[in-house]
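The following exercises are to be worked with the sequence and the three-dimensional model at hand. Each task is followed by a solution in steps.

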Amino acid sequence: MKSKILINGIGRIGKAVLKQLLDDEEFEIISINEINPSVENIVYSINYDSTYGKLDDKFKVIENNFIQNKKSKIKITNFKDISKLDLSNIDILIDSSGQKVDISELKSLKVDKIILTHPEKLADINLVLGVNEEKFDIKNHKIISTSSCNATALLPALKLIDDKKEILCGDIVTIHPLLNHQRVLDGSFVQSATRDVDLNFEFGRSSTQNIIPSQTTTIKACSYVLEKFNSNLISSNSLRVPTDTVGAINVTLFTKEISSKDEISNLFLEFEKNQKFPIVLNNFEALVSSDFKKEKFTTIVDHRFLDVKNNMIKLLLWYDNEWGYASKVVEILKYIKIKKAR
């Protein structure tokens, strides 16, 4: 039986999740809730995308508040208050709005599972595949955070090395594509309550003309998944760059045990061979960021830049921060379905 899905928020991540679920026989999108009041604009933004291209099987508006293509008919609603959503025929609510949530309100909603596509400390579990899926409790975990794109890419590598060598300290720099809350041309400062951006002058500068330094919540998100990987262990910062998608993480780790380059390389090669989910991909080719666009593997280890000196390990990880991250949300949906069937 298909699991019935409601997607709340059809922005960059919501659209990527939607498109990956459209042809999946295990799931059915019943409804989309989006505060954008124009159904025509919602359809337009689903059908056409500057980053990933146009949809072959395009949607059209029918019956005022429904959209339809050859395979799917989806109801569109415009509630600002999530408690007003009709969940009577819904198995899973995916909240990809990016808005801050009231956990107690979410727990009162009459739906089996709620997926948050952002880190949330108070969720029943922050889940990253390849890291802590064995801790998922199908009976008691209702609110499931799928963490962040950065943490989803970074944590499998951190855990793999820590399990073998014990990380003593480290530093990461995320090289992240521009995001919608930044300015296209120089303007006023940026505030973003959903991203804990209170007063950021740099994000008021042109995102298309600059490399913009920033703080990152990546390590905080990691600590919600595995408490050890917190800001006391690993320092961090971010560089926003003028590309549309695909990020990279420059990782420096110091471990208790000395390693060799071949040893660390083989760790990732073996993991890729035996992994249960599409997580780690090992790259040896002369590739650039756009070559990883729409890649579903989210911890892409670039072995050209892997380096080891005694107890210091250097890594370069690639990941598609939209499509790739959304693919992990879909994999988690499938994992929930498998666990429920047992």
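**Exercise 1. Characterise the second largest pocket by its volume, its central residues and the classes of its lining.**

Step 1. The volume of the second largest pocket is about 300 Å³. A pocket is an open set of points on a 1 Å grid over the protein atoms alone, where a 1.4 Å probe fits, with protein on both sides within 12 Å along at least five of seven lines. The volume is the space filled by probe spheres set on the points.

Step 2. Among the 15 lining residues, K19, L22, D23, L55 and D56 are the closest to the centre of this pocket. Lining residues have an atom within 4 Å of a point.

Step 3. Sorted by class, the lining comprises seven charged, four polar and four nonpolar residues. Asp, Glu, Lys and Arg count as charged; Ala, Val, Leu, Ile, Met, Phe, Trp, Tyr, Cys and Pro as nonpolar; the others, Gly among them, as polar.

The model is predicted: local features need pLDDT of at least 70, side-chain atom pairs count only at pLDDT 80 or more, and totals for chains, interfaces and linings use all residues. Residues are numbered from 1 along each chain as its sequence is written, and side-chain values use heavy atoms, without hydrogens and water.

**Exercise 2. Describe the span, kink and burial of helix α4.**

Step 1. Helix α4 covers residues 149–165, 17 residues in total, and spans 25 Å from first to last C-alpha, close to the expected 24 Å. The expected span is 1.5 Å times one less than the number of residues. Helices are DSSP runs of H or I with at least four residues, and strands are runs of E with at least two.

Step 2. At L155, shortly before the proline P156, α4 has a kink of about 30°. This bend is the angle between axes fitted to the seven residues ending at a residue and the seven starting there.

Step 3. Of the 17 residues of α4, 14 are buried, that is, under 20% relative accessible area with a 1.4 Å probe, protein chains only. E166 follows α4 and has a positive phi near 60°.

**Exercise 3. Determine how strand β19 is enclosed and which strands pair with β19.**

Step 1. Strand β19 (residues 312–319) is largely enclosed by the rest of the structure, because six of its eight residues are buried.

Step 2. Strands pair if DSSP finds at least two bridges between them. β15 (residues 247–255) pairs with β19 in the antiparallel sense over eight bridges, and F254 has M312 as its bridge partner.

Step 3. β18 (residues 307–309) and β19 are antiparallel over three bridges, with D307 opposite K314. In their hairpin, which has two residues between the strands, N310 has a positive phi near 60°.

Terms used:
Buried means under 20% relative accessible area, exposed over 50%, partly exposed in between (1.4 Å probe, protein chains only).
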